[in-house]
Amino acid sequence: EPDPRKRKDLNVDYHRELGRLSGNPFYAILMDSFMDFVDRFITTINPGTFDVHDKHIHGEITEAIAARDEVKAVTLVRSHLVDTRDKMMAQEQDFLSQSARVSY
C-alpha cells in the first residue's frame with residue numbers, strides 16, 4: 001500500500017487479525033491492547049511515514065504460517081519483534097531529542 005496512513009492501518013489490522021486467528025482469547029486481547037499503543041505511538045512519534053519495520057516481513061510470516069513451518073514462523077516473528085523494538089526505540093529517541101530542542 002503506497003499511502004502511509006492506509007499502510008499503518010493495514011499493519012495494525014494484520015496484528016489484530018493474527019491475535020484473533022490464534023484461537024487464544026487472552027492473546028487476542030493482548031494484541032488489541034498492544035496495537036492500540038503502537039497505533040498511537042506511530043501516529044505521534046513518526047507521523048511522516050508511519051513505518052516501524054520492514055514492509056515485507058508480514059508476507060514472509062504469513063507464508064511460513066500457511067506452510068505450517070513453525071520454526072521459520074517463530075524465527076521470523078522473533079526477528080520482527082527485535083527489529084520493531086529497535087526501530088521504535090530509535091524513533092522515540094529522535095522524537096525526544098527534537099522535543100528537547102523546541103523552546104516554549
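Tutor: Two residues are in contact when heavy atoms of theirs lie within 4.5 Å. The model is predicted, and local features need pLDDT of at least 70, side-chain atom pairs count only at pLDDT 80 or more, while totals for chains, interfaces and linings use all residues. Residues are numbered from 1 along each chain as its sequence is written, and side-chain values use heavy atoms, with hydrogens and water left out.

Start with Met 35. Setting aside neighbours within four places in sequence, Met 35 is in contact with Asn 11, Val 12, His 15 and Arg 16. Met 35 and Val 12 both belong to the largest nonpolar core, a core being a set of buried Ala, Val, Leu, Ile, Met, Phe, Trp, Tyr and Cys residues joined through side-chain atoms within 4.5 Å. Buried means under 20% relative accessible area, exposed over 50%, and partly exposed in between (1.4 Å probe, protein chains only). This core has 10 residues in all, including Met 31, Val 38, Phe 41, Ile 42, Ile 45, Phe 50, Val 52 and Met 88. Helix α2 supplies its largest share, six residues. Apart from this core lies another of six residues, among them Tyr 14, Ile 61, Ala 73 and Leu 76. In soluble globular proteins, nonpolar side chains tend to be buried together.

Next come the aromatic rings. Two aromatic pairs are found in a search of the whole structure. In one, the rings of Phe 34 and Phe 37 have centres 6.2 Å apart and planes at 35°, so this pair is tilted. Rings of Phe, Tyr and Trp (its six-membered ring) pair if their centres lie within 6.5 Å; planes under 30 degrees apart count as stacked, over 60 as edge-to-face and the rest as tilted. Phe 34 and Phe 37 are separated by about one helical turn because they are three residues apart in helix α2 (residues 25-45). Helices here are DSSP runs (H or I, at least four residues), numbered from the N terminus. Phe 34 is partly exposed at 42% relative accessible area, and Phe 37 is partly exposed at 45%. Phe 37 also pairs with Phe 41: their ring centres are 6.0 Å apart and their planes at 40°, so this pair is tilted. About one helical turn separates Phe 37 and Phe 41, because they are four residues apart in α2. Phe 41, however, is buried, with a relative accessible area of 11%. Phe 34, Phe 37 and Phe 41 form one aromatic cluster, and Phe 41 is also a member of the largest nonpolar core.

Note on methods: Helix = DSSP H or I, 4+ residues; strand = E, 2+ residues; numbered from the N terminus.
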